[in-house]
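I open this notebook page to record what I looked up in the structure shown below. I take the entries topic by topic.

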Amino acid sequence: MKRITIDPITRLEGHGKIELFLDDDGNVANAYLQIPELRGFEKFCEGRPVEELPRITPRICGVCPSAHHMASTKATDAVYHVNPPPAAKKLRELYYCAHMCHSHIAHFYALAAPDFVLGPTADPAERNILGVVARVGLEIGGEVIKHRAYAQEIQAVIGGKATHSVCGLPGGMSRAITEEERAVFEEKAKSMVEFAKFSLKLFDDVVLANKGYVDLITGDIYTMQSYYMGMVDANNKVNFYDGNIRVVDPEGKEVAKFKPADYLDYVAEHTEPWSYLKFPFLKKVGWKGFVEGKESGVYRVAPLARLNVADGMATPIAQEAYERMYQTLGGKPVHATLAMHWARLVELMYAAERLLELSQDKEVADPNVRTIPTATPDEGVGVVEAPRGTLFHHYQTDERGIVKKVNLIVATGNNHAAICMSIKKAAQGLIKAGQVVSEGLLNMVEMAFRAYDPCMACATHTLPGQMPLEVIIRDHQGNVLQTLSRNLS
Amino acid sequence: MNKDGFEPKIVGFCCNWCSYRGADMAGTARMKSAPNVRIVRVMCSGRVDPVFVLKAFKEGADGVLILGCHPGDCHYAEGNYKAARRIPLLKKMLGQFGIEDERVRLDWVSASEGDRFTKIVNEITAKVKELGPLSRDERGPNG
Amino acid sequence: MAKLKLALYWAASCGGCDVAVLDVNEKILDVAELADIVLWPVALDFKYHHIQAMDDGSIDVCLFNGAVRNSEQENIAKLLRQKSKVMVAFGSCACFGGIPALGNFTNRDEIFQRAYIEAPSNDNHSSTFPQTSIEVAEGELELPQFYDTVLALADVVGVEYFMPGCPPPVDLILKVVDALATDSLPPPGSIIASEKTLCDECERKKEEKKITKIYRPHQVIPDPEKCLLEQGIICLGPATRGGCGQRCIQANMPCRGCFGPPEGVYDQGAKMLSALASICDVKDEAEVARIVDEVVDPAGTFYRFGMSSSMLKRKRM
């Protein structure tokens, strides 16, 4: 079999490589996404005081550390059976909405925008954030940086630092904010709401006004029928910080809604020998392999999934955007993987509106943000919606709160099987018998992966993100048949 | 020499005013003791920085002995109390590193207690012999 | 001045150091003026073979973040060393091992056992483990070898500069950028932070340190003006290098030592242990035992970020 290796996968958080195998006719027989890294958090957290886990587990990811910080803090609340004061919960949610803004802004502008603003097969020299800026104006770059910085600043004020914050404790937050700080947050949040609106409009003008892109989004190679999972509040609206977890089937019907503590009844993890990362799947449906459809336990998380499982958005402008998206794409659920980019902007809108709501609530500056735990600690689960998907932290401790066991199911990991399948489907749709593997095609294979939002999105926004790429095609003996490259200097 | 041939190397930190003199007394009185303890004279047991103990293990010691004046008798008044707080905490921490409790001993020996010195040396040597050599593997079998 | 060639790489890393580089915000444009980035897997699509094809020493500066805990990471560290004039251990993981080095309290077998067999969500009746080499229907697939022990960058290659922090703060990053731009880097071997401890930078009121009880952070609401250690909360300030801006302290939480040991200290954990024991005002043997018991995780607290650069390095299994 011919083999195409892409190593390392670039523009994501973490390491990965893709192996594509072509049969003798030149069609893609299979695709493997291998994750070559593992660090062992689930083992080395044993023996640590559980209240330290909110400062240890964010080191799983430096782009969404706040997601781990919040999931971990909520898990410690559960372990200690302690209820934080209302101001602490509001402050946590405010902090967390700021985090979602940082992450979604970075991803959309750095990764997604170039493919749509310039076009998937545009000259790679232009198909990057600089090309986007040239096309839509220099101001955009400044606005992107400014608003991501606002989001980071809000987290830093509350949590000490934006990356690897320290404020979460079982029972509350380490410090309250002042009225002055709240007022500053309010101003930044107002600006964020405008920026989110602008981002949706940009998507409208550049993507939705272009039939070619709409066809790409709705086309078959980027579509995948799967179950969807996301967190919803009591009204079944999307909530990033708290709620229950809802699962819908490929037809959009609810098949489960569970409390975080019950996750083990619904989610299981499969192992393959060719990747260090496991493959979560729905326990009640079962692991049927890397296949689509209702009979397969593969499910997806993150923006599109969250919108698919919810009945709507909890804030007005985001709700409008949500309705518009589903109207345009032909109803719920939407299976088009590339629609994740749109869903991400709808979520940005909600995060910004919710950030404003919370920063206008005077109670968020209340000085009482701690409840001292008194119960004997034992076990608890904390779940949030990380930017990249549902995030589960499950801890068991001894009677002093020293960790005995940890189980984590981490956001993007939920999508691992789906990403593999999306890559394979796109590759099979694009690489056909007798065809030369072209540069534009390589980018289109990447787009299947990119829509899931590789974590390090924010890294690309100021660099020439031309995706230089080299693909080496070897025969089964390892002899090089063809070498393709683009933008290697 | 014991049957297995393993002779532990034990570093013994002895304070100048009490325990070192006690060790000296054991020597001049020709008291028989195991030869495994290498003595390092410090002015006070409170001088023993935990890093000395770690360094001893890193450099090949199988056990570490720290001897000071009896509580209340420290030549510098408080020094041995500091040792009395540091060493138990250090032993707890060493347990997390897989270094058994019996490999480190803090005790008190006065200048006239040559026999006590001998007894302690023999005890720790026997204990550490039983435990075997301390692994110096800093990488593990994989990588 | 010709543009510098700059490489950024991540080993056993979380990506936070890469985000830290971006948190310089608009000043990133100054970086782009100063340097051509020839490797940055998080952001650009240069692959390993691009680096292999470069001349030795042709990369001016390599900012290497993340600890080394598998064979791929060790190999790339050596490759980048060969191709770079200056290697910088960027961030606590590359400098000291960081959080991943807490893995040195365990080993590969235990980690694999937990991750692939024991974890309660696992569905792995065939006891499948990831393999360094596996035959699938279409051919052979490979994964790097996972080590027992996490290493700091300087354990595998020579390093000219150390930038501690988890992640390094923006002002220190800009200091390095400035030094590069004006060709005024400090002498090799330098650690780019303060030469004093965090206590020197900390703005809290410090009086006499004498404590009789240890409190875990969730057990008390600390006075925001007073030294945390004096309130019985373990804070690694006395054994930690300063230069971080005391940001955790400002959030009313104690230091956990991410900037590594101060000047002249060989082992951060031992130093902190000694400092803590010194300030405990207990004499009675039973009281000593009680206070030792209150320090619930000495190794994991005193060596939170520094296992790879510690004297003992790892647990004896």
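**Conventions.** I note that this is a predicted model, in which local features need pLDDT of at least 70 and side-chain atom pairs count only at pLDDT 80 or more, while totals for chains, interfaces and linings use all residues. Residues are numbered from 1 along each chain as its sequence is written, and chains are lettered from A and ligands numbered from 1 in the order in which they are written.

**Chain C as a whole.** I looked up the secondary structure of chain C and found twelve helices and nine strands, where helices (H or I, at least four residues) and strands (E, at least two) are DSSP runs numbered from the N terminus. The C-alpha trace of chain C spans about 65 × 60 × 30 Å along its principal axes. Of the 317 residues of chain C, 54% count as buried, that is, with 20 or more other C-beta atoms within 10 Å of their own, whereas 12 or fewer make a residue exposed and values in between partly exposed, with C-beta atoms placed from the backbone. Among contacts in chain C between residues at least 6 apart in sequence, I find that 75% join residues at least 24 apart, a contact being two C-beta atoms, placed from the backbone, within 7 Å.

**The sheet of chain C.** I traced an open sheet of five strands in chain C, ordered β2-β1-β3-β5-β9 with parallel pairing; two strands pair if DSSP finds at least two bridges between them. β2 (35-39) and β9 of chain C stand at the edges with a single partner strand each, so one side of each has no neighbour in the sheet. Neighbouring strands of this sheet are turned by 25° against each other on average, direction ignored. Within the sheet I followed β1 (residues 4-10) and β3 (residues 59-65) of chain C, which pair in the parallel sense over five bridges, and W10(C) has N65(C) as its bridge partner in β3(C). Helix α4 (residues 71-83) of chain C lies across β1, β3 and β5 (84-90) of that chain, at about 135° to β5(C); axes are lines fitted to C-alpha atoms, for helices over the stretch in contact, and angles run from 0 to 180 degrees between N-to-C directions.

**Chain C against chain A.** I find 75 residues of chain C in contact with 80 residues of chain A. On the chain C side, α1(C) gives the most, with six residues.

**Backbone geometry.** Most residues other than glycine have a negative phi, and most peptide bonds are trans. I therefore looked for departures from this. The peptide bond from K332(A) to P333(A) is cis, with omega near -10°, and P333(A) is in the loop between α10 (316-329) and α11 (340-360) of chain A. The bond from C166(C) to P167(C) is also cis, with omega near -5°, and P167(C) is in the loop between β9 (161-163) and α7 (170-181) of chain C. H81(A), not a glycine, has a positive phi of about 50° and counts as partly exposed, with 15 C-beta neighbours inside 10 Å.
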